[in-house]
Amino acid sequence: CDIHVRTLEKSEAVHDVSSEIIQDLASKEYFSILFKEFNTNEKNKRDEAGQILVRFGDVIQNRLLDIVQKATDSNERINAINIVIGIGQRAIPAIKDRINQNAPWYYLRNLAYMLGRIGKETDAYVLQPLLLHGDERVRGQALKSIYQIGGKKRGMLLLSILPKADYQFKLNII
């Protein structure tokens, strides 16, 4: 995994081989087994399954984000969210790619939540359009996440949205 994500430097040939192995291990079948154990703790190996899933990182993050969007079981969604947060900043590009005004409100709220946990100051701008979303839960989570990661950029970002916000949300921003 460390070779695949380039935290351990190796030649390009070694990197290619390790990436191929990771792809094979992250097959739908193995992912399902690991995720089932993470959700059910059937074999009392939840922690180990979670650690393995986190180590797969970018290889499985899109599957996890699909689960966050489509799963009907809230525990399954929460578990997927926690794994994405465990992946950390490597998951930010996939989260940014998925923020789309046409997505369901609950999915956008969860994306904003995850970005607020793993993002940096430079990622806060991605949440700006969500401050004008039609659903107050999305707006509220985007605002919380901007407060968490916005740093020095938070003030200007919120001021820029203030004229477009409805009266009640202006009060929340202020």
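Residues 24 or more positions apart account for 59% of the contacts in the chain with a separation of 6 or more. Keep that in view as you go through this predicted model.

**Whole chain**

Show the chain as a cartoon. There are ten helices and zero strands. From the N terminus on, the elements run α-α-α-α-α-α-α-α-α-α. Now colour by accessibility. Of the 174 residues, 42% count as buried.

**Stop 1: helices α7 and α8**

Select residues 105-118 for α7 and residues 136-149 for α8. Two packed helices are described by the angle between their axes and the distance between the axes. Here the angle is about 10°, and the axes are 8 Å apart. An angle under 35 degrees counts as roughly parallel, so α7 and α8 are roughly parallel to each other.

Show side chains along the contact. From α7, pick Trp105, Leu108, Arg109, Ala112, Tyr113, Leu115, Gly116 and Arg117. They meet Arg137, Val138, Gln141, Ala142, Ser145, Gln148 and Ile149 in α8. By class, this contact has eight nonpolar, four polar and three charged residues.

**Stop 2: salt bridges**

The count of salt bridges comes to five.

Select Asp123 and Lys96. Asp123 sits in the loop between α7 and α8, while Lys96 belongs to helix α6 (residues 92-98), so the pair ties together parts that are 27 residues apart in sequence. Asp123 is buried, at 6% relative accessibility. Lys96 is partly exposed, with a relative accessible area of 25%.

Move to Arg137, one of the α8 residues that meet α7. The side chain of Arg137 also forms a salt bridge with that of Asp135, at 2.7 Å, N to O. Asp135 is buried, with a relative accessible area of 13%.

Next, select Arg139 and Asp166. This salt bridge has its closest N and O atoms 3.8 Å apart. Arg139 lies in helix α8 and Asp166 in the loop between α9 (154-161) and α10 (167-173), so this pair too ties together parts that are 27 residues apart in sequence. Arg139 is buried, with a relative accessible area of 12%. Asp166 is partly exposed, at 39% relative accessibility.

**Stop 3**

Glu37 is buried, yet has no salt bridge. How far away is the nearest side chain of opposite charge? That side chain is Lys43, and it is 6.0 Å away.

Now show the neighbours. Not counting residues up to four places away in sequence, Glu37 touches Glu42, Lys43, Asn44, Lys45, Arg46 and Ala49.

**Stop 4: the loop between α2 and α3**

Stay with Asn44, one of the residues that Glu37 touches. Asn44 lies in the loop between α2 and α3. Its phi is near 60°, a positive value in a residue other than glycine. Most residues other than glycine have a negative phi. Asn44 is exposed, with a relative accessible area of 61%.

Finish at Asn41. Asn41 lies in the loop between α2 and α3 (46-56). Phi of Asn41 is also positive, near 55°. Asn41 is partly exposed, at 24% relative accessibility.

Terms used: Residues are numbered from 1 along each chain as its sequence is written. This is a predicted model: local features need pLDDT of at least 70, side-chain atom pairs count only at pLDDT 80 or more; totals for chains, interfaces and linings use all residues. Side-chain values use heavy atoms; hydrogens and water are left out. Buried means under 20% relative accessible area, exposed over 50%, partly exposed in between (1.4 Å probe, protein chains only). Lys and Arg count as positive and Asp and Glu as negative; His and the chain ends are not counted. A salt bridge is a side-chain nitrogen of Lys or Arg within 4 Å of a carboxyl oxygen of Asp or Glu. Contact means heavy atoms within 4.5 Å. Axes are lines fitted to C-alpha atoms, for helices over the stretch in contact, and angles run from 0 to 180 degrees between N-to-C directions. Helices (H or I, at least four residues) and strands (E, at least two) are DSSP runs, numbered from the N terminus. Angles under 35 degrees count as roughly parallel, over 145 as roughly antiparallel, 65 to 115 as roughly perpendicular and the rest as oblique. Ala, Val, Leu, Ile, Met, Phe, Trp, Tyr, Cys and Pro count as nonpolar, Asp, Glu, Lys and Arg as charged, and the others, Gly among them, as polar.
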